[in-house]
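Please look over the sequence and the model shown below, then read on.

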Amino acid sequence: MTYATDRIHEEIAYIAYHFHWHLDDILDLEHRERRRYAEQIATLVTRAATER
C-alpha cells in the first residue's frame, strides 16, 4: 500500500504550521510517528476550540 503524496504534504504542512518545525525535521520522522504527531495536534486544536 502506498501513502498518497497529497496526504503526506498535508501532514507536513499541519505539523510545520502548529509546531513550527523545519521540513527536514518532519521528514526525518517515521511515517507512524508523523501520523501520531498530526493526530495529537488535531486533538489539541479540537480541545482548544471547544474550550472557548
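## A network of charged side chains

Arg7, Glu10, Glu11, Arg34, Arg35 and Glu39 are joined in a network of salt bridges; a salt bridge is a side-chain nitrogen of Lys or Arg within 4 Å of a carboxyl oxygen of Asp or Glu. The model is predicted: local features need pLDDT of at least 70 and side-chain atom pairs count only at pLDDT 80 or more, while totals for chains, interfaces and linings use all residues. Residues are numbered from 1 along each chain as its sequence is written, and side-chain values use heavy atoms, leaving out hydrogens and water.

The structure holds five salt bridges.

| Pair | Closest N to O |
|---|---|
| Arg7 and Glu11 | 3.9 Å |
| Glu11 and Arg34 | 2.7 Å |

Side chains of opposite charge can pair when their charged atoms come close.

Arg7 and Glu11 are four residues apart in helix H1 (residues 5–19), so about one helical turn separates them. Helices (H or I, at least four residues) and strands (E, at least two) are DSSP runs, numbered from the N terminus. Glu11 is buried at 2% relative accessibility, whereas Arg7, at 33%, is partly exposed. Here buried means under 20% relative accessible area, exposed over 50%, and partly exposed in between, with a 1.4 Å probe and protein chains only.

The salt bridge between Glu11 and Arg34 ties together parts that are 23 residues apart in sequence, because Glu11 lies in helix H1 and Arg34 in helix H3 (residues 31–50). Arg34 is buried, with a relative accessible area of 7%.

## The chain as a whole

The chain has three helices and zero strands, following the pattern α-α-α along the sequence. Its C-alpha trace spans about 35 × 25 × 15 Å along the principal axes. Of the 52 residues in the chain, 17% are buried.

With contact meaning heavy atoms within 4.5 Å, 39% of the contacts between residues at least 6 apart in sequence join residues at least 24 apart.
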